[in-house]
Structures are given as structure tokens and as C-alpha cells.
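Please look over the sequence and the structure below. A short report on the packing follows.

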Amino acid sequence: MNSALFVVVLITGLALVGAALLIAGLISPRSFNPQKGEAYECGIPSRGESWMQFKVGYYLFAILYLMFDVETVFLFPWAVILKDLGVAGLINILFFMVILILGLVYAWKKGALEWK
Amino acid sequence: MFDFSIVTHWIDNLLRSVMPGWGALLVEFVLIGVVLLLLYAVLALFYIYFERKVCAFFQCRLGPNRVGPYGIIQSVADMFKILIKELISLNHIDKFLFNLAPYLVIVASMLAFGCLPFGRGLQVIDFNIGVFFLIAVSSIGVLGILLAGWSSHNKFTLIGALRSGAQMVSYELSIGFSVLTMVVFAGTMSITGIVEAQANGWFIFTGHIPAIVAFLIYLVAGTAETNRGPFDLPEAESELTAGYHTEYSGIHFGFFYLAEYLNLFIVAGVASLLFLGGWMPLHIPGWESFNAIMDYIPSVIWFFGKAVLISFVIIWFKWTFPRLRIDQLLKLEWKYLLPLNLVNLFIMVLIVIFGLHF
């Protein structure tokens, strides 16, 4: 039942965008002008490609995020049954946590968290 | 307290008495879709009006006050105006990704919206891993923003999208960890379970200091997650025109606008669900007559009241703090919030294991 409702909500979201686009397509004006299709930058024709190499800093943070996000995903099932596991559960998860925190400390010391 | 499942069961029985089972189910699905759609649109419009009015009062202005009494129809008029504007077709864009981006942004916020418990028995999607599902779907939104910026073929949008990506991805961690702290405390991921567990006291009161710290971290991270307030770098108009949606026109832009305000509501709704008891009324153990009076207030009013209150605080941030730089923003997350969050989680785990809570 819940999975069916998930699909219903998904379709509702798609329908909102689709219907609004359809209405807008029917009632909005249309005109063509070669200048209008240019990138909205500074009024003069823009120079060079915009699909280019960008700062590597963003990439570094994305990698770090990946590490910690996977950690959160692994911790969720453990969090639910923590009351039953007790101290043994805490000690077991600490091994995992300490290794990941060492990773953060390493990245910090290496200067990966600095924005240069 | 009024249970909305009475209404839904009554509609279900009524439909089943006049048509076969599958027909009733189909009609119910359509009804759910229409109600959700209307609620989504009305809430987004209300929030646009609310924010404009609030920031007007912060700046000693009146805000919108011409269209309708106190200007309440202003945002409806604005949305209609956006609807009749031209959708400009651009020359060098990646057409498929450009058109896909609004779908992703809207669907992500709609799915998260469907998970929220609006009142007793008034929740669309109720998985037993509810909170986890909520985090998962709400992080799809960042994909839409990245695609929007990348496909527009414009340097402003590209920088805006990358900033937004780095920021949302970083603060996603803080949201994840503060939600995890509360899941440790509640011992369940089901949204109904979490709300029911707060019947005798909201988690922010019963959860000692870690719950309060988690709440504060959640508020900061939620503000960053919705690209608002002091964290509105992706849309910093003095540097990047309008950020990732510079090239979008007409209703295409309207989708980003709607989703942004709905995300504000979702962040506030999740905060009220995890920390302030969702639709649960305020109960103080021992004060029987006070609790009985609080029970008379409908659950819907409790939920929306808390959500609007928290979103007021988030709007307040915007008019109080100056905008951060990108390095300060990432430093705040990775060097302060994340270690604080890990320590906070550890304290919460100790409290739960040794049963130190109320």
C-alpha cells in the first residue's frame, strides 16, 4: 500500500510540472529573436565555453561527503536497535567510527578542508 | 483528539459501497493526488506571502497590501503572472537536462512533502523507515539544481550550481547526523512511531542537552539546505545575478521558486516532527487539566503552528546575519558542526544505553 502511495505522490509531482508547463505553453506568448537566446551575462556576446573545467575544491568536498554519508547510512540500522544491543553494540560501532574519524582528522591535517 | 482516519475510512467505505474495490482504490489515489497538489500550491503561495510580509516588517515597510485585504492575494496574482510569461528557448543549452531539472526539484520536494504527518491519521506515505526515506528523497533536489546550472550554458549558473552543490552536500551531513541522534533516542525510524513516542513530552524536553544541541544544528543546517538566509551564496544577486536559475524564464523559474518555499516548509516540518512532537499537543506530566485543554486544539493546528513558527525563525536568520563567504561556509560545516555533531551523537548514545533520560 505504501509503495503504491509512493508512486501516487511521484506521479502527482510529475503531473504538477507537466500540467503547469502545458497551461503555460497554451497561454504564454511566443516570439523569436536571435538575441534573446543568448546567455544572460553582461550584454556583450559571452566569450568561450561555459562547460569548462572548474575548481577542484568542490570535488574534494564531494569525496569527503561521500565517505561520511555512507557512514550515516550504515549507522541508521544500528541506531534503531541500539537499546537492545547495549554496551556491546556501542563498542562494536566505535571501531567503525574511529576509523572514519581518523579519516576526517587525516583530511584536516592534509589541508583538504581549507578553501584555497 | 480528533482522528482523521475516521474521515478517510468513511470515504473508503462510501466509495466501496458504490463501486468495485479497484475503482474505489483508483478514486482514492486521484483524491490523494489532488489534495496533495492543492495543499502544495496553497502552502507555497502562503509562504511567499508570509516571507514578503515578514521581511517588510523587519525593514519597517508595509509589504504587499494592495491586492485583496492585507495583500493576501498578491502571491496568487504573482503566480498567475509567472504562468502567462513566455518560456524563452535558448540557443546553446542542453535541452533535455534543462527541461528535466524542474521535474527533479519539484518531485523531490513533493515526495518529502508526502511523508510529513499533518495531523493524527493524516499522512500519505508512512514507511517504517520514514525518516530515512525523507532524507533520501529530499537530497534528490540537489541533483535538479546541479543539472539546472550545468545545462544552462552560462557561467553564472555554473558557479551558482557548484556552490549550491557543495553547500547542500556538506550540510546534508549535519542534517543526517542530527536526525540520527534523534533516531538513537526514539529507537525507531517510522514517522508515526516517532510522533507517538512524544505523547508524554516532546523530544527537545525529554532528550536532555544532546536533543537541544541537535535541534540547533538542525536549524542551522536546514537553513543552509534550503539556500536561505546567511547561506544564500548560490543566489547571491550581487555576484551571480540569480544563481542557478538565471536562465530559466516564466513558469520554469516558478517551479524553482515554489520548490524553494516548499523546502522551507519541509525543513520546518521535519524539525517540528523530530524535536517538537509533530502534531502532538504540549503535555506537561502531572498537569491533568492543562493537558486536557491542550487536547482540544486540533492536531492540524499544532503541526502547522509549529512549522510556521520554525520557518519564522529561519526567515528571521536571513534579516539578522550577513552573508557568509564560501570558505567560511565550508569551514563552519566541516570544522565546527561535524565534530560537534559526532560528540553530540556519542553523548546521546551513552544516555540511551545507560537509561539516563526521563
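## Core and contacts

The largest nonpolar core holds 126 residues, of which B:V183 and B:L262 touch the most other members. Such a core is a set of buried Ala, Val, Leu, Ile, Met, Phe, Trp, Tyr and Cys residues joined through C-beta atoms within 7 Å. Helix 7 of chain B gives this core its largest share, 19 residues. Leaving out residues up to four places away in sequence, B:V183 touches A:F76, A:A79, A:V80, B:V131 and B:M189. Contact between two residues requires C-beta atoms, placed from the backbone, within 7 Å.

This is a predicted model: local features need pLDDT of at least 70, side-chain atom pairs count only at pLDDT 80 or more, and totals for chains, interfaces and linings use all residues. Residues are numbered from 1 along each chain as its sequence is written, while chains are lettered from A and ligands numbered from 1 in the order in which they are written.

**Chain B overall.** Chain B has 15 helices and zero strands. Helices (H or I, at least four residues) and strands (E, at least two) are DSSP runs, numbered from the N terminus. The radius of gyration of chain B is 21 Å, which agrees with the value near 21 Å for a compact globule of 358 residues. That radius is taken over C-alpha atoms, and the globule rule is 2.2 Å times the number of residues to the power 0.38. Along the principal axes, the C-alpha atoms of chain B fill a box of roughly 65 × 60 × 45 Å. Of the 358 residues, 50% count as buried. Among contacts in chain B between residues at least 6 apart in sequence, 79% join residues at least 24 apart.

**The contact between chains.** Chain B supplies 61 residues and chain A supplies 50 residues. On the side of chain B that touches chain A, helix 2 (21–58), helix 4 (95–115), helix 7 (155–186), helix 12 (250–274) and helix 15 (326–353) each give two or more residues. Ala, Val, Leu, Ile, Met, Phe, Trp, Tyr, Cys and Pro count as nonpolar, Asp, Glu, Lys and Arg as charged, and the others, Gly among them, as polar.

**Helix 5.** Eight of the nine residues of helix 5 (residues 130–138) of chain B are buried. Among them are B:V131, B:F132 and B:F133. The cover over the buried residues of this helix includes helix 2 (56–80) of chain A, along with helix 4, helix 6 (141–151), helix 7, helix 8 (191–196) and helix 12 of chain B.

**Helix 3 against helix 12.** In chain B, the axes of helix 3 and helix 12 come within 7 Å and cross at roughly 140°. The contact involves B:M79, B:I82 and B:L83 of helix 3 and B:G250, B:I251, B:F253 and B:G254 of helix 12. These residues divide into five nonpolar, two polar and no charged.

**Positive phi.** Two residues other than glycine are tabulated here. A residue is buried if 20 or more other C-beta atoms lie within 10 Å of its own, exposed if 12 or fewer, and partly exposed in between.

| Residue | Phi | Other C-beta atoms within 10 Å |
|---|---|---|
| B:C60 | near 60° | 6, exposed |
| B:N227 | near 55° | 23, buried |

B:C60 is in the loop between helix 2 and helix 3 (74–83) of chain B. B:N227 lies in the loop between helix 10 (208–225) and helix 11 (237–240) of chain B.

Note on methods: Axes are lines fitted to C-alpha atoms, for helices over the stretch in contact, and angles run from 0 to 180 degrees between N-to-C directions.
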